[in-house]
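Good morning. Please have the sequence and the structure in view.

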Amino acid sequence: MSTMRAVVVDPDVPERLALHEVESPSPAPAEALIRVSAISLNLGEVRTALLRAEAGWRPGWELAGVVEQAAADGSGPSVGASVFGMVGFGAWAERVAVPTAQLAEIPDGVTFAQAATLPVAGLTALYGLERGAILLNRKVLITGGPENVGHLYGLEGEAMLLKRKVLVTGTSGGVGHFACQLARQGGAQVVALVRRAERAASVRAMGVHEVVIGEDAELTRSFGPYHLVIDTVGGNSLRTAVTLLETDGICVNLGAAENPDMTLQNRYGSFDSPENGLVIRDIKPRRVAKDLERLAQMVASDQLHPHIGLEASWSDVAEVTRSLLDRRITGKAILHVS
Ligand SMILES: NC(=O)c1ccc[n+]([C@@H]2O[C@H](COP(=O)([O-])OP(=O)(O)OC[C@H]3O[C@@H](n4cnc5c(N)ncnc54)[C@H](OP(=O)(O)O)[C@@H]3O)[C@@H](O)[C@H]2O)c1
């Protein structure tokens, strides 16, 4: 049996995470084996690892590295290609078997660290905006120029966020940063809510139209009403957000950074009905490999800037995950696997 090191939940160590020897993966026919160089952390998996997971669980959704063994079915990148992608768990490891449908090559000029930020936060922001724009228009394209129309999502139409007023909450976080930038790329007028003044500069740097500082979404009312709200905070933020909408506006809630146990009780009884202006977590990945490729190309061409607030060695995983959970990091945290 060949072994490798991986981050494993171990309730006997501080912060419950440690590097342990585990069995190396055996890729399925449609999976490539990746030697991991960088991993990126997300609030959801960090909450699970530090607060809930059982001993032996292996966290990790996204990674970047080099193909060590190409997929046996001939799909995906060849040996030696620099790639990034996502899996359901276990990405925080020296080697990971990744389905080629969830893997893309890293273009020249994009680092492993930058690429590793894209799968979860980048796709969530992209699909959240796409979902909102579809509901607003019944036809969509959020990522810009006419050359893309009908290409990405098989629909016809203009850039459907063009001149639309979009409010994004939680903009100092991983998803919020990407949502602001992608909405701008789609031609939207973006208002960004950031709760701490010291984190406003990085939000302003994304070229949004207005930056509103504070915890209460009510502070953004004077810039509304909004065609689309992308809410990553949940709780009070979400409760207020649905009252800031234009007639027939849409609120897409992507998460509950404020409180994972949040429940929403208000007059919007049905959560998945566009008529109610509210959609909750109805984000379905479509063409993951293609969309990853597109996000990475946007980074390569300077249209999308991953905000990396912290880079460290994966031997510091316990300390870094705690910092992320306690919100001491702006944007994304990256661990280098060595
Ligand atoms: N649906 C999906 O597929 C999906 C995918 C990815 C993420 N998510 C969810 O989306 C949410 C955001 O994820 P993320 O990766 O962007 O998290 P993150 O990087 O930790 O960012 C969290 C953001 O929320 C803000 N925030 C936290 N508590 C707040 C409060 N009480 N009031 C106002 N703002 C608050 C933070 O502001 P500060 O910087 O001031 O702390 C930060 O901007 C999480 O709930 C995550 O689980 C869902």
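I start with alanine 49, which lies in helix H1. Helices here are DSSP runs of H or I with at least four residues, strands are runs of E with at least two, and both are numbered from the N terminus. Before going on, two remarks on the source. This is a predicted model, so local features need pLDDT of at least 70 and side-chain atom pairs count only at pLDDT 80 or more, while totals for chains, interfaces and linings use all residues. Residues are numbered from 1 along each chain as its sequence is written.

Is alanine 49 buried or exposed? Alanine 49 is buried, because it has 26 other C-beta atoms within 10 Å. The rule is that a residue is buried with 20 or more other C-beta atoms within 10 Å of its own, exposed with 12 or fewer, and partly exposed in between, the C-beta atoms being placed from the backbone. Setting aside neighbours within four places in sequence, alanine 49 has contacts with Val9, Arg16, Leu17, Pro59 and Thr321. A contact means that two C-beta atoms, placed from the backbone, lie within 7 Å. Alanine 49 and aspartate 10 are 39 residues apart along the chain, yet their C-alpha atoms are separated by 9.5 Å.

Now the rest of that helix. In H1, the buried residues are Leu43, Glu45, Val46 and Ala49. Seen down the axis of H1, these buried residues fall within an arc of 165°, so they line one face of the helix. That arc is taken from the directions from the helix axis to the C-beta atoms. As a reminder, an α-helix has 3.6 residues a turn, so residues three or four places apart point the same way. On the face of H1 turned away from the buried side sit the exposed residues Leu51 and Arg52. The cover over the buried residues of H1 includes strands E1 (3-9), E2 (17-23) and E3 (31-41), and helix H8 (317-325).

One of the contacts of alanine 49 was Arg16. Arginine 16 is in the loop between E1 and E2, and it counts as buried because it has 20 C-beta neighbours inside 10 Å. Beyond four places in sequence, arginine 16 touches Val9, Asp10, Pro11, Ala49 and Leu50.

Next, the whole protein. How many helices and strands are there? The protein has eight helices and 15 strands. Of its 338 residues, 50% are buried. Among contacts with a separation of 6 or more, 63% are between residues 24 or more positions apart.

The largest nonpolar core has 100 residues. Such a core is a set of buried Ala, Val, Leu, Ile, Met, Phe, Trp, Tyr and Cys residues joined through C-beta atoms within 7 Å. Those with the most contacts inside it are Ile39, Phe84, Val166, Val168, Ala179, Ala183 and Ala192. Helix H3 gives the most to this core, with eleven residues. Domain 1 (3-117 + 306-336) and domain 2 (121-280) each supply at least three; the bounds come from an automatic or database domain assignment.

Now the ligand. Both of these domains give residues to the shell around it, so the ligand lies between them. Which of the 29 residues around the ligand come nearest? They are Gly170, Gly173, Gly255, Ala257 and Arg327, where near means a C-beta atom, placed from the backbone, within 6 Å. Helices H1 (43-52), H3 (118-137) and H4 (174-185) each give two or more residues to the shell.

Last, some backbone details. Most residues other than glycine have a negative phi, and most peptide bonds are trans. Arginine 327, in the loop between H8 and strand E15 (332-336), has a positive phi of about 60° although it is not a glycine. Aspartate 248 also has a positive phi, of about 70°, and lies in strand E12 (residues 245-253). The peptide bond from glycine 224 to proline 225 is cis, with omega near 0°.
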